[in-house]
Amino acid sequence: MPQAQSDTKATLSFSDGSPSVELPIYKGSLGPDVIDIRKLYGSTGKFSYDPGFMSTASCDSTITYIDGDKGELLYRGYPIEQLAMNNDFMDISHLLLKGDLPNESQKNDFVGTVKKHTMLHEQMQFFFRGFRRDAHPMSVLVGTVGALASFYHDALDISDVHHRELSAIRLIAKMPTLVAMSYKYSVGHPFVYPRNDLSYTANFMHMMFSTPAEQYRINDVLVRALDRILLLHADHEQNASTSTVRLAGSSGANPFGCIAAGIACLWGPAHGGANEAALNMLREIGTVERIPEYLEKAKDKNSGFKLMGFGHRVYKNFDPRAKLMRETCYEVLEELGLKNDPLFKLAMELERIALEDEYFVSRRLYPNVDFYSGIVQSALGIPVQLFTGIFAMARTVGWVAQWNEMISDPEQKIGRPRQLYIGEQHRDVSK
């Protein structure tokens, strides 16, 4: 969708007598208008200053839209609530990559294509053996996803649309295999090969939990729960890891290297590690009786304690994904008979108290998707250190969709942020 230039212009004036400059304004189909400052430096000799890029649009996009004040998340215009109730992760993958939900024939073709690429080259096993057994799964994923480029020289021409499509499918298909292998390697189990008679999510759970001694029994409730986690995390606009993928891609880097860069960024506890941090916080609190003590710490800015899994940088209302994940959380706990498990009782009581506490309610510090998804993954038997790997598996489709959109955009250039230099001025070396 082309940009629509507004009839309104922005005029930037200076108190030092420098000439004012007129800047064009563009209107999106939703959300705030943007001021085009691309000619700012050429016209004024000045840069804009925006740490964290909180007020800067780095691109135009047709993929995902967030309204944080309304608590709204749209994939290609579809509300996340409707998608979560009516579609699975493969539907959403097709939607993000190709622009619309598939009909039955399109979905069969898409799923069939993905299933053709679930296997990894056998030599990939040697890459895993180079890691320590106790290596964090995210370090393993950064290395192995980047290494995939070594095996697919046949499709690394990013100017070729067919190469980009094939690389996207390979990444989506192989991520579950890599994430499951990273888990199996860490616990000393043999790797489990994919089964293409299973759905995308059921196949991942099979590779995670099957052993040669015991076949994993598919539980539809649990598969649906994990599929919803993947669906809700598939894309989230221009967040830190997506921006990293786009920035890496702007240099012409191959897609496997770009996604590895995104995984590295996602590894941070302020981003993809948030659900791991939330579960670790629950373990630190320990018992229901200690909740008031920790809530008081959370209110004290000098305590150093943060209530993880509450509030969101973007959403200033209830995270729409959290509402859906909360339903799934209760379904899973019911299915597994874990409603009386001490950790889960602690989580539910913390949720109840925080939602009734004026301090948190007035600041809109509601439980976010990370709070509930960590509880669900723990109940499913996924170890805490693998939570961010699951996130990476989900977000891969969003990353490749955003990467492909960026490559296709004729206005995109290699990323080059500017700076406000505040170091020493010119000085000579003393003899």
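D36 is buried, at 12% relative accessibility, where buried means under 20% relative accessible area, exposed over 50% and partly exposed in between (1.4 Å probe, protein chains only). This is a predicted model, so local features need pLDDT of at least 70 and side-chain atom pairs count only at pLDDT 80 or more, while totals for chains, interfaces and linings use all residues. Residues are numbered from 1 along each chain as its sequence is written, and side-chain values use heavy atoms, leaving out hydrogens and water.

**Salt bridges**

- Across the whole structure, a search turns up 19 salt bridges, each being a side-chain nitrogen of Lys or Arg within 4 Å of a carboxyl oxygen of Asp or Glu.
- D36 pairs up with R38 in one of these, at 2.7 Å from N to O.
- R38 is exposed, with a relative accessible area of 54%, whereas D36 is buried.
- D197 and R195 form another salt bridge, and their closest N and O atoms are 2.7 Å apart.
- Helices here are DSSP runs of H or I with at least four residues, numbered from the N terminus.

- A pocket is an open set of points on a 1 Å grid over the protein atoms alone, where a 1.4 Å probe fits, with protein on both sides within 12 Å along at least five of seven lines; lining residues have an atom within 4 Å of a point.
- Its lining is made of 18 residues, and N87, D88, F89, R224 and D227 lie nearest the centre.
- Two or more lining residues come from each of α2 (80–86), α3 (89–98), α4 (104–115), α8 (200–209) and α9 (220–232).
- The largest share, 6 residues, belongs to α9.
- By class, the lining has 8 nonpolar, 3 polar and 7 charged residues.
- Nonpolar covers Ala, Val, Leu, Ile, Met, Phe, Trp, Tyr, Cys and Pro, charged covers Asp, Glu, Lys and Arg, and the others, Gly among them, are polar.
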